[in-house]
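Grab a pencil and work through the exercises below. Try each task on your own before you read its solution.

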Amino acid sequence: MQTKIITIIPVYNGEKFIQQTLESLAKQTLRPDRVIVLDNCSTDGTERIVKQFQPITCQWIRNPTNIGLFGNCNRGLEFAPETKYLSFLCADDLIEPTFLEVTTAALQSCDGFGMAYSLDERIDENNHRLSVSGKVSGDIQEIPSDTFISRKAEIANQAFSSTLMKMNYQKAPCKFPLDMPILADVAFWGEFGKHCRKVVQINQPLCKYRWHGDNATNTLMPGMQALILDEWRVMQMNEKLRNGNSNFMRKFKLKGLFAVRTGIKAKRIRQQNNLTYSREIVAEGKKISGPLAWYLAQVVVETRDALIYGIMRRPKHPKNVYS
C-alpha cells in the first residue's frame, strides 16, 4: 500500500516522554498517513501508552529481540518503498506543528531521493530550552550535495528527528552502520546525501531535541571507541564521499574540529570528576589531531566556554558531554 508520509518511531522503554512525542505528531498541520512504532522489547509501559493514544492511530510492531537503535532504524527503512516521504521521530523528541508541512513542501519539486532538515531547539527533561542548533533566519536554503557532505565530514548539526527523507517509493539506497552506536546517523546522512537530488536546510527550529540523563549518547558515552575514535572515523568516511580534494588546509581544519569536539568532551568528563577517563580522551585526541591542532583547539574550547556559558549564561545540562 503506497502512502504519502510514513513516520517511524523507534523506541525502547520510552514511557517517560512518548506521550508528548505522539501529541506533537497529532498536532501536525499535515499529518502522516501511517505512524509506525517499532518497539525494541520495552519492559515498561510504552506499549500501553501507544495503544491507548486516541488522537492518531499508531501501528505497533514489536521486534522479537532488541536489535539496537540503529538496527531498529534499518528496519524502519524497509518501509521506504511504500511511501513518498519517510521520517524518523525519536520517542523523546518533539516536532513543531508545521514540521511535516514545511519539509514536504521544500522537497515537492524533487523527482528522486531528497532530504530536508531543520534547526532544532535543545530541551531538557522538563521542556526547558537549553540552546538552538544554529542561526534562526527563517529562510529555506538548498545545499549542493558536495557542500552537504562536506558539512557531514565536519559533523555539522542535524538532529535525527528534524530530518525528512523523500523516498519516492524507492528502496533506501543505504543503511545505518551497526558498528557505530552513537554516530551511525552522521554516517548515514552523508551517504544518503550522496544519492539526493535535492538537499534543503530550513533555518527555523521545527524540532525539539531532548537531552536527558537516559539519552543513548549518554549511556553509551563510557567507551573510547564510540565516543572518540568513531567520530574521527565518520569524519574520514564522509570526507571520502566528497567530490572536492582534501588538501593540507582541509585536512588540518578537520583535525582542528575533531580536537575542539574532543577537547569539549574531555573537559566535561573532567568536570564530572572522571579524571582518568578525561586524560585518556586527551591522549587519544592529541594522537589523532597532532599537537599543534590540539593546543589551538583548546584555546577555542576555553574561549567558547567563557563566552557561551560565562558571558551569555546559556544553560547547560550537567550530563551532556557534547555541549
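**Exercise 1: Strand partners**

Task: which strands pair with strand 6, and in which sense?

Solution. Start with strand 9 (residues 163-166): strand 6 pairs with it in the antiparallel sense, over four bridges. Here, two strands count as paired if DSSP finds at least two bridges between them. Strands (E, at least two residues) and helices (H or I, at least four) are DSSP runs, numbered from the N terminus. In this pairing, look for M115 opposite M165 in strand 9.

Before you go on, note that this is a predicted model, where local features need pLDDT of at least 70 and side-chain atom pairs count only at pLDDT 80 or more, while totals for chains, interfaces and linings use all residues. Residues are numbered from 1 along each chain as its sequence is written, and side-chain values use heavy atoms, with hydrogens and water left out.

Next comes strand 10 (residues 198-210), which pairs with strand 6 in the parallel sense over 10 bridges. There, G114 sits opposite K198.

Last, strand 7 (residues 129-132) pairs with strand 6 in the antiparallel sense, over three bridges. R122 faces S131 across this pairing. Strands 6 and 7 also form a hairpin with five residues between them. In its turn, N127 has a positive phi of about 70 degrees.

**Exercise 2: Inside or outside**

Task: work out whether strand 6 is enclosed or open.

Solution. First get the cut-offs: buried means under 20% relative accessible area, exposed over 50%, and partly exposed in between (1.4 Å probe, protein chains only). Now count along strand 6 (residues 114-123): nine of the 10 residues are buried, so the strand is largely enclosed by the rest of the structure.

With 68% relative accessibility, I311 counts as exposed. Together with L307 and M312, I311 makes a nonpolar surface patch of about 330 Å².

**Exercise 3: Cysteines**

Task: how many disulfides does the structure hold?

Solution. Zero, taking a disulfide as a pair of cysteine sulfur atoms within 2.5 Å. Check C73: the nearest cysteine sulfur, in C90, is 7.0 Å away. C73 is buried, with a relative accessible area of 0%.

Then check C174. The closest cysteine sulfur to that of C174 belongs to C196, and at 8.4 Å the two are too far apart for a bond. C174 is buried as well, with a relative accessible area of 5%.

Technical notes
Patch = residues over 30% accessible without salt bridge, like charges linked within 9 Å, V, L, I, M, F, W, Y side chains within 5 Å. Areas by Shrake-Rupley, 256 points an atom, 1.4 Å probe, with all protein chains shown as cover. Salt bridge = Lys/Arg side-chain N within 4 Å of Asp/Glu carboxyl O.
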